[in-house]
Amino acid sequence: MKLLLVDDEEKFISRLAERLKLRGYKADWATTFDDALARAGAEKYDIAVLDVKMPSMSGIDLKSKIERITPGIKFIFITGHGSEQDYDTVCQEAICCIIKPFKIEALVEQIEQALNS
Amino acid sequence: MNIVSRLIAVAAQYKPRFWNAGTSKTQGQILFNYRKFWFASVTLRSLVSLVPIAILFMFTYVLENKAIRNENHLHTIRLTSNTRRTLTYFFEERLDALKFIVQEEKFEFLNNRLLLQDILRNLQRGFGGIIDLGVINAAGLQINYAGPFDLKDKDYRNQRWFVNCVQNGSYLSDVFLGYRNTPHLIIALKRPTPDGSFHILRVTLDVTKIIQILTSLELSERSEAFLCNRDGLLQTPSKYYGEFLQRVDLPIPAYSDRTQVMETVDKTGNPILIGYAYLDNSPYILMLVKRSKEIMKGWYTLRQEINWVFGISVILTLMVVLGISTFMVNKIYDADQTRLKAMERLESSSRLISIGRLAAGVAHEINNPLAVIGENAGLIDDIFNLKKEYSGDRQLQELIATVLESVERCGEITRQLLEFARHFEPKIQSLELKRIIAGVLSFLKKEASYRNIRIQMDIPDDFPVIDTDRSSLQQIFLNLINNAFQAMDKGGRLEIRAARQSQDLIRVSITDNGCGISEEDQQKIFEPFFTTKGMKEGTGLGLSITYGLVRKLKGEISVQSTMGQGTTFTVILPIKHGGDFRNETLAG
């Protein structure tokens, strides 16, 4: 069970990765577009958790790039911009879209659902 | 004083709405000077309607005046004419009687006194007013006489009448006093004798008979008829215009062979109307004098009537003009006010959109640092739970739990802010009514708990998802629930019920147990600017906006209320909104 976490906010994504590790997941994280693609190329992940809107890169673009590298990978979007309704279209391409700030339990639940489906 | 102040109070009641527009500072922008507009309207309309009335009445005035004047002239002429005929006949009749006597009788009576007395008696019996009868020979000596005076052998040789009669054959005299010193007049007839000489038969007439004829005319007060001779001496007594046998106080009209009328003034300056006629073969002028003031009496009453009618028409016209002008300016004022309020509303709604965007932007920006705080605190929490050295430290755990809780609360606030501030453009979405109402209630929860208002929501689980515009729906319920809150005191109870009305419709009712709305007010409650809250509290637009929004969503809204028991607003909405919005009211 491997997760790739991408967000431009290092202090957020590193802590999230650490917390997921504490819960028994293997989680790598990246803060840049290139770093994320490099990691996706190096290893095979089951689920990618992407921020929708980051400076100098778009979560949607990143998703299609990663999808090409790792077919069958599942996506969960997280965002601080807007509410659920704003990302109806985004969510159609992913399992779901979680609004920051969120409880880690909510993310874990979505991950478990993705794995079981 | 009391009446005056009461009158002012009554007038103030009927003061039109626009009257003080622009004078109070709270009213803000004023599009027109309504009072000036009103004055202009009243002036123009008054002129347009009163000028023709005035012209019409002036014409009536002049025409009626003329008609009455003419009629008076005609009447005077007729009367004068008739009197002239009567008098002419009077004299002719007597002259003819003399002629008859002269023809019939032989010359015996010239010297026979008894015979002359017989003839006089017959004449007196036949005509009356005859005083005496005399025969004068060519030398001017009265040779025979019958009558009450002793005038036998009087010498008339040098008298004017005698000279005249000798010249003309007959003579009708002025009224004069003569030897006997009483007013009388004479008729004399010359009778030639076979020997080439002549006699004159003279009869003396009493003036009273003529006065009788003149006074028997039915004349109005201060009008009279009299005779004067061509020198202007009064031949019958006059009440107003001079002494008997003295000069009359009036101008003598110029000779005319027909009856005439002349307008002039008497010596005191009063306008008078004189009808006159020169009597044929006599020295007399018949004068009929009427005072213009008297004869125009009828005109004065008529004029008074005309004035009344004119006055009443003017007052009625002015009232109609005032009414119409006030009504019109009121309507314009109302329309302007509606426009102003709509403009204000538009302004405030665009301001709301800006504020909404700002709030949404701020909320977005806050969400990211909140997530950082959340994850960092979450990690600390995780570490506390895992590492033994911290797991016993309750205080630290509580501190971190508080941080996490606060992050969650902030997240909830920004989410609600975004949710509500987002859609200002109508957009059809599938919506769950329960969530919409819950969202609206979250804004009012605080107020409800302060005021101890219990809220009961009764929406069945199988309630359909409805396709409609979110923000409109939110605003409808926010307005209705807010309204209900304002109607209730502390400890009120609000019920929100929803049910399916039919295949295509849903029904939502919001019931409060507040003060209620009177029947009269229920009729007007959805009208713009209708408010019972007073000028300061409400714009009177809340329910009209709500009405507009419901109509926009192709729904219906109604109200049932009992004073003192509470009010129920019922909204019926279609389950599927077609997408095209109808804009009927200013709440667009």
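**A walk through chains A and B**

Chain B holds 13 helices and 16 strands. The model is a predicted one. Chain B has 588 residues, and 25% of them count as buried. Now look at how its chain folds back on itself. Take the contacts in chain B between residues at least 6 apart in sequence. Of these, 61% join residues at least 24 apart.

Next, turn to where the two chains meet. Here 18 residues of chain B are in contact with 16 residues of chain A. Which helices of chain B each supply at least two residues of the side that touches chain A? They are α7, residues 297-386, and α9, residues 394-421. The most comes from α7(B), which gives 13 residues to this side.

Now move to a pair of helices in chain A. Two packed helices are described by the angle between their axes and the distance between the axes. Helix α2 of chain A spans residues 33-42, and helix α3 of chain A spans residues 59-69. They pack at an angle of about 20 degrees, and their axes are 9 Å apart. Angles under 35 degrees count as roughly parallel, so α2(A) and α3(A) are roughly parallel to each other. Their crossing is right-handed.

Which residues meet in this pair? From α2(A) come A:F33, A:A36, A:L37, A:A40 and A:G41. From α3(A) come A:L62, A:K65, A:I66 and A:I69. The residues of this contact divide into seven nonpolar, one polar and one charged.

How values were computed
Residues numbered from 1 in each chain as written. Chains lettered and ligands numbered in written order. Predicted model: local features only at pLDDT ≥ 70, side-chain atom pairs only at ≥ 80, totals over all residues. Contact = placed C-beta atoms within 7 Å. Helix = DSSP H or I, 4+ residues; strand = E, 2+ residues; numbered from the N terminus. Axes fitted to C-alpha atoms, helices over the stretch in contact; angles between N-to-C directions. Parallel < 35°, antiparallel > 145°, perpendicular 65-115°, else oblique. Left-handed = near helix turned anticlockwise from the far one by under 90°. Nonpolar A, V, L, I, M, F, W, Y, C, P; charged D, E, K, R; others polar. Buried ≥ 20, exposed ≤ 12 C-beta atoms within 10 Å, placed from the backbone.
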